[in-house]
Amino acid sequence: MSEEINLKNGYKIYKKTSETIKALNNVDLKIEKGKFYAIMGHSGSGKSTLIQILGLLDSLTSGKLYIDGKETSNMKENDKTYIRMKKIGFVFQSFYLNPKLKAIENVMLPMYINKEIKGRERKQRAKDLLKSFNLSDRINHYPKELSGGEQQRVAIARALANNPEYILADEPTGNLDIDNEKIVLDLLKKLTREGKTVVVVSHNEIVKDYADEIYYMSNGEIRSKI
Amino acid sequence: MKINDYIYLATKNVLSERKRYMRYIALLSISIIILIFSLTFKESINDYVEKNIKNNIFYRTIYVGNPNFKRDEGLIKKVEEISHIEKIIKQENFSTYVNANIEDIQQNEGSIKLIGCNENISPSIIKGRYITDEDKNVCIIPKEFYIGDINDKYNETDIIDGEKLIGKKITVSYSMYEYKELGPVIIQTYTDDFYVVGIYDNNINMGYPNECYVSFNDVENINKIILTGANIGNGDILVIADNWNNVDGIISELEKQGFSTQLYSVPNYILIDIINIIGITMFTLMLILSISTMIINSIKTSKDREKIYGLLKTVGYSKKNILIINFIENIIIGLISFIIGVIISLIIIYIINNLLYNFNFEIRHINLKIKVLTYLMSIFISIFIPNFASMVSNIIIVKKSIIQNKEGD
Ligand SMILES: Nc1ncnc2c1ncn2[C@@H]1O[C@H](COP(=O)(O)OP(=O)(O)OP(=O)(O)O)[C@@H](O)[C@H]1O
Ligand SMILES: [Mg+2]
């Protein structure tokens with residue numbers, strides 16, 4: 001069984017009354033284990049659409065998406081949910097933390113649905129994750145008490161909660177200043193060294209410096225930098 | 001996901017949304033209180049009607065007289081034809097007053113009322129036995145027995161536990177009078193012993209604590225002596241219906257024949273109906289108010305909730321997981337409201353019962369008590385309302401795609 005995400009002839013078409021938008025236009029993309037991918041492109045080029053489809057948050061209009069060898073487009077919602085929980089961690093531009101939960105509780109949130117993490121291990125695991133991101137003294141803070149950089153690190157810790165193979169990040173540094181941008185990207189890079197696969201979508205040129213593979217999107221089409 | 005994890009997450013959510021949920025809980029508690037009250041009033045009054053009005057002689061007893069107060073010795077004969085009549089007695093033989101004394105209890109001497117009874121016309125016996133038409137010199141006394149004039153205020157401490165007197169004798173005395181110009185003069189005093197064979201609950205049978213029951217013959221015999229030489233009215237009679245439900249029929253039959261009638265005691269139905277209608281109306285209004293507030297609120301906050309649900313979905317929660325968490329949240333809210341509602345209701349009912357007891361009317365005998373069925377209904381309603389209120393927006397939210405949830409549109 002191949003350990004990779006493989007998108008073949010991916011189309012995502014939005015039909016509005018007046019026009020048809022091809023957010024993804026025949027996209028072929030292979031995400032291999034342990035690498036750092038940068039997907040670049042202008043606003044509206046289809047980057048978010050692509051990463052959401054890779055992470056099973058959205059589905060293709062046509063085409064095939066294989067995750068670790070399994071074709072997903074005909075899967076039941078429950079099976080997709082399971083894969084998402086098990087294999088994929090998401091990081092968003094606006095962090096997307098639950099404002100009513102403390103940092104540690106946000107990190108623990110995905111663990112409740114994971115049978116493999118026992119009840120009493122959750123807290124320790126969340127603590128360890130936050131600690132490794134230098135947030136030991138922030139574990140009981142609520143999101144609004146944290147800086148943008150700290151919030152994004154909490155979000156990455158949460159993405160890692162269930163020890164997924166793939167970290168998919170949509171503009172993870174979009175709301176951060178230069179210092180924090182570097183911290184977050186370093187962190188993601190470090191994850192690839194630990195064997196994780198990281199896909200970062202951004203229009204920020206600096207991401208390229210971290211990437212093993214760089215792709216460009218425009219008008220829903222993708223090409224790799226040659 | 002394990003049930004305790006569900007409960008934990010749901011509790012967390014409830015706590016983190018305290019403000020919003022507090023309002024729900026307040027509304028729900030008020031609805032529950034009103035529900036408990038309308039049901040409890042209704043049930044307690046029904047109980048009261050069942051236990052008292054149906055059994056109580058006073059509600060089954062009709063005065064019958066000739067319209068122009070003309071003496072009519074044939075009255076009894078004419079009335080006998082009517083069906084559903086248990087007993088016809090001369091008005092003067094319905095009850096009598098005598099002095100009473102109990103040997104062991106020295107300080108108690110005063111007048112008591114003796115009322116005729118038999119096994120069909122009797123307050124419900126809570127201990128001992130009924131009196132039959134063959135019985136002589138036996139009596140049934142109230143559970144809370146008091147010897148003396150109840151028009152005077154009597155002390156609680158003067159109440160005798162009727163149960164302790166079963167088997168004991170009460171000595172009664174009464175006199176024969178001669179009617180002189182200046183008024184009646186006693187010519188001879190008689191005494192009789194009555195043995196206590198049973199007790200009735202004067203709280204639920206609306207009896208006064210000095211009302212004792214003896215056989216109809218005993219009342220008549222005593223009256224023969226007391227009323228010797230007295231002008232005993234105009235020969236009116238009392239008709240006792242066999243059942244409370246037949247009273248109206250008997251009255252209309254009597255009136256058809258041209259007799260004047262009057263119920264000895266009339267239960268206050270208007271009050272009962274008013275309490276019922278007020279209760280049901282208030283509960284319905286409150287139900288509508290709380291459901292609509294919750295629905296409006298859950299629609300208003302659905303954007304926020306949608307984002308939270310979207311977040312849960314992105315980290316791998318299924319629709320089912322999310323709906324169960326929400327369901328448990330609603331159960332928690334419902335249970336808290338139920339508990340608050342019940343506690344407040346119990347306190348208010350305790351106060352009302354004490355207030356009612358100080359009334360001199362028949363409502364003093366209404367004892368409010370929350371029934372098991374009322375508890376069950378309240379708990380059902382308190383869990384149902386919040387779930388019902390969040391159902392519509394929940395289904396819409398959960399059905400939407402994660403992307404839509406995330407954007408909250
Ligand atoms: N739900 C939708 N309905 C219709 N059109 C959509 C929808 N979502 C995205 N699009 C369109 O698809 C195209 C790709 O959008 P996408 O969000 O993937 O771009 P992006 O590269 O992530 O842009 P940005 O850098 O601004 O985030 C855009 O033209 C956008 O308007
Ligand atoms: Mg985007």
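1. Which residues come nearest to ligand 1? Of the 13 residues around the ligand, those that come nearest are A:Ser43, A:Gly44, A:Lys47, A:Ser48 and A:Thr49, where a residue is near a molecule if one of its heavy atoms lies within 4 Å of it.

2. A word on conventions comes before the details. This is a predicted model, in which local features need pLDDT of at least 70 and side-chain atom pairs count only at pLDDT 80 or more, while totals for chains, interfaces and linings use all residues. Residues are numbered from 1 along each chain as its sequence is written, chains are lettered from A and ligands numbered from 1 in the order in which they are written, and side-chain values use heavy atoms, with hydrogens and water left out.

3. Polar contacts to the ligand (pairs of N or O atoms within 3.5 Å) include one in which an oxygen atom of ligand 1 is 2.6 Å from an N or O atom in the side chain of A:Ser43. For the side chain of A:Ser48 the corresponding distance from a ligand oxygen atom to an N or O atom is 2.7 Å, and a polar backbone atom of A:Gly46 is 3.0 Å from an oxygen atom of ligand 1. Taken alone, ligand 1 exposes 630 Å², of which the protein buries 64% (areas by the Shrake-Rupley method with a 1.4 Å probe).

4. As to where the shell comes from, β2 (20-32) and α1 (47-54) of chain A each supply at least two of its residues, and α1(A) gives the largest share, 3 residues. Here helices are DSSP runs of H or I with at least four residues, and strands are runs of E with at least two.

5. In chain B, B:Thr96 has its place in strand β3 (residues 95-101), and its side chain makes a polar contact of 3.1 Å with the side chain of B:Asn223; within protein, such a contact also requires that one atom be able to donate a hydrogen and the other to accept it. B:Thr96 counts as buried because its relative accessibility is 6%, buried being under 20%, exposed over 50% and partly exposed in between.

6. B:Leu335, found in helix α9 (residues 319-357) of chain B, counts as partly exposed because its relative accessibility is 34%.

7. B:Ser318, in the loop between α8 (302-314) and α9 of chain B, counts as buried because its relative accessibility is 11%. Between B:Ser318 and B:Asp47 there are 271 residues in sequence and, C-alpha to C-alpha, 51 Å in space.

Conventions: Buried < 20%, exposed > 50% of the residue type's maximum accessible area, 1.4 Å probe, protein only.
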